[in-house]
Every structure is written in structure tokens, then in C-alpha cells.
Amino acid sequence: MHDVAVIGAGPAGLSAALNLVRAKRTVLLVDANRPRNAATLRSHGFLTRDGISPLELRKLGRTEVEGYPEATVVQSVVDLVAPDADTDTWRVHGSWRGTELEARARTVVVATGLREEFPALPMLRAFYGTAVHSCVECDAYDKAGQPLAFICETDDVVDRALLIAAWTDDLIVYTNGVAPLDDSGRARLASVGIVVDERVVEDLEGDRSGMTGVRLADGHVEPRTGGFVRPVWHADLDWLGTGATTSPSATSGNTAANGDTPGALDGLQRDTQGLLVVDRVGRTSVPGLYAVGDVTPPGPEQLIVAAGHGAATAAAVHRDLVGGLADLRDAVQ
């Protein structure tokens, strides 16, 4: 039995776990070690750690958490987190290379982040994290003044393109024939010198030295040294539920301990993007369940912001445990 189970060990989860163990809370930190930013060589904007590898940042954070006797850190793929009404606790189940995880906690913090879905360009992954990035705030500084491409298939193409243009005056927006763009949007982009190309993109070009251009389906190659891409983000939370169900509509592939799929958690609010709706300190609409980081609105954020949110949520969890879960239920209703 643990006071808190933190699911996910990115900056948000690690920060939450660290602050909770320092509040003398017993913490189970569970992570599958599949970070979204694994391809990124350097992360930026994290005070005292600017330019550090995000994998190194995670390693340092995990080592700090593991240094506390109140912490139990486990590598596992979680396939079920569900409330147990009989014991007023949460059941946590997972597995890793044949080893099962079975634990219980009084509260749960979800910090699992998001999964990225990229435009279907064969060479995009080869340049992602070096020449092409998704986080403008994190990586635009190092691309300043370069001829850049912005590949976007979503309806926020104008706002994101205008943001990137703050770092360069040579930007081409590629909608790939998908992103919706009206005359008003085209005019806004043209007013600041942003070129729009709505033709279909076939692939990126380059070699070991880096990206050299964008190749269109008609054969034209536009020289570009790098750029940004707008992924579509998915919150994979089918493991978060009421327990096992044999519903024939369940197709997620994540299974509980008995081989069935978790049913949806009653009363859990999610926004139109599937992100977990929380209050300002990370409380979800379900008592005893918290969420922090990219899995909450507005979605992906800088590492230092996620870490700050983790600390704020840790403080809320501790206060709620001091007050008792009965008071917590009143607070979130």
C-alpha cells in the first residue's frame, strides 16, 4: 500500500514524486521508459539545465527520487488503474518482461504524457529531433534566421506559423493539401512574408549532414535547412478505468490482469482532444485521481512548466491526504 501512485516519469511525474516523498508520503513511481521526446538531443529553457539531453534530465530526476526511502520506482507498462470501492484505494496493475506489478495506493497521479502522430513522410523521423522539431519555444532559437519549413495538417496552422515567424523571415508553410486555410488566414500569413504552399508533400530530403529540402509530389524540391512539424497528439488512457470488462467494443489492446479490457472510469471528464480536465492544481473530476503534464489541457508544454505543475499537484495531493478523502470528495464536486 502506498500513499500515492505516480504513473509516468517525465518532468511532471518526477517533480510530483520528488515533492511527495519530501512530504513524507510513500510513493510508487511507475514508468515504461518510452518518453515522447526520446529523439530530441537537447532540451532548452530548464533553468540550470539548458541544453541538457532530455533523457539525461529524466535520469537525474529518477536518481533523485530513488534516493528517498519513501520512494519505490518500478519500470512497468501499466495496463490497469482502477478504484476499489471496498477498500477506498486504487489498484495498479502492470507488467514488464514477464514480471507483474500489483499494487495499491490511496491516490493516483497520471503523468503519462501523449503519443505523437506525424504526417506520413518517410524521412521525417530521420530528421526529427535534429533538423525538424515540434516545440517552437524549445527549439526555434537554434533555427533563427534559417530558411525553414513548417509542415502542418491541422486547423491551428496560421497561429503556429506566425509564432515560428518570430525567429525567421524565410518560412514556408506546407499544408500538404490537408490543413484548412481560408482567405483570411492566407492574408494574415502573407502580411508578414510567410509563403504558403498547399501542394502535397512527398518527403524531406537530406543526408547525414542534415536536412536539405522539401520534396513535393510534383517533383519540385525547395531548399530548406530545417523546420517544424505539427503532430497530432493522442492521450492513450484506455488503462484508466473501473476494472475489467468483456465489452466486445473494446479494441485498445491493453488488458487487465485477467485478460479483459478496463471499462471507462465513471465521472472522468476529458476535453475534445481526450485530455484529462483538471483544476488549477491537477485534481480531476474523480476523487483521489490527479493528472499533470502533457496529458492535461492545453497539451504539450515546456519541460520546466510541466515540472512546475508537478510540484503544484504534489502539494495538492498532500493537503488532500491530510484533510482526508471525504473532504477531497466535497472539494471536487
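## Cavities in the predicted model

The lining of the largest cavity comprises 5 nonpolar residues, 3 polar residues and no charged residues. The model described here is a predicted one. The residues that line this largest cavity are Leu114, Trp233, His234, Gln273, Leu275, Pro298, Gly299 and Pro300. The space within the largest cavity amounts to about 40 Å³.

In total, 2 cavities of 30 Å³ or more are counted. The second largest cavity holds about 30 Å³ of space. Its lining is formed by Ser134, Val136, Phe150, Arg160, Ile164, Val229 and Arg230. By class, 4 of the residues lining the second largest cavity are nonpolar, 1 is polar and 2 are charged. Whereas the lining of the second largest cavity includes 2 charged residues, that of the largest cavity has no charged residues.

## The parallel sheet

One of the residues lining the second largest cavity, Phe150, has Val173 in β10 as its bridge partner. The strands concerned are β9, which covers residues 148-151, and β10, which covers residues 171-174; they pair in the parallel sense over 4 bridges.

Strands β9 and β10 belong to an open sheet of 5 strands, in which the order is β8-β15-β9-β10-β11 and the pairing is parallel.

Asp203 is located in strand β12, which spans residues 201-207. Is this residue buried or exposed? Asp203 is buried, because its relative accessible area is 6%, and a residue counts as buried under 20%.

Leaving aside residues up to four places away in sequence, Asp203 touches Leu121, Pro122, Met123, Leu124, Val214 and Arg215. With one of these residues, Met123, there is also a polar approach: a polar atom of the Asp203 side chain lies 2.9 Å from the backbone nitrogen of Met123. A further spatial relation involves Leu216, which is 13 residues from Asp203 along the chain. The C-alpha atoms of Asp203 and Leu216 are separated by 6.9 Å.

Note on methods
Residues numbered from 1 in each chain as written. Predicted model: local features only at pLDDT ≥ 70, side-chain atom pairs only at ≥ 80, totals over all residues. Heavy atoms only, no water. Helix = DSSP H or I, 4+ residues; strand = E, 2+ residues; numbered from the N terminus. Buried < 20%, exposed > 50% of the residue type's maximum accessible area, 1.4 Å probe, protein only. Contact = heavy atoms within 4.5 Å. Polar contact = N/O pair within 3.5 Å; in protein donor to acceptor, adjacent residues only side chain to side chain. 1 Å grid on protein atoms, 1.4 Å probe; cavity = no way out; pocket = protein on both sides within 12 Å on 5 of 7 lines; lining within 4 Å. Points joined across faces, edges and corners; volume = space filled by probe spheres on them. Nonpolar A, V, L, I, M, F, W, Y, C, P; charged D, E, K, R; others polar. Pairing = 2+ DSSP bridges.
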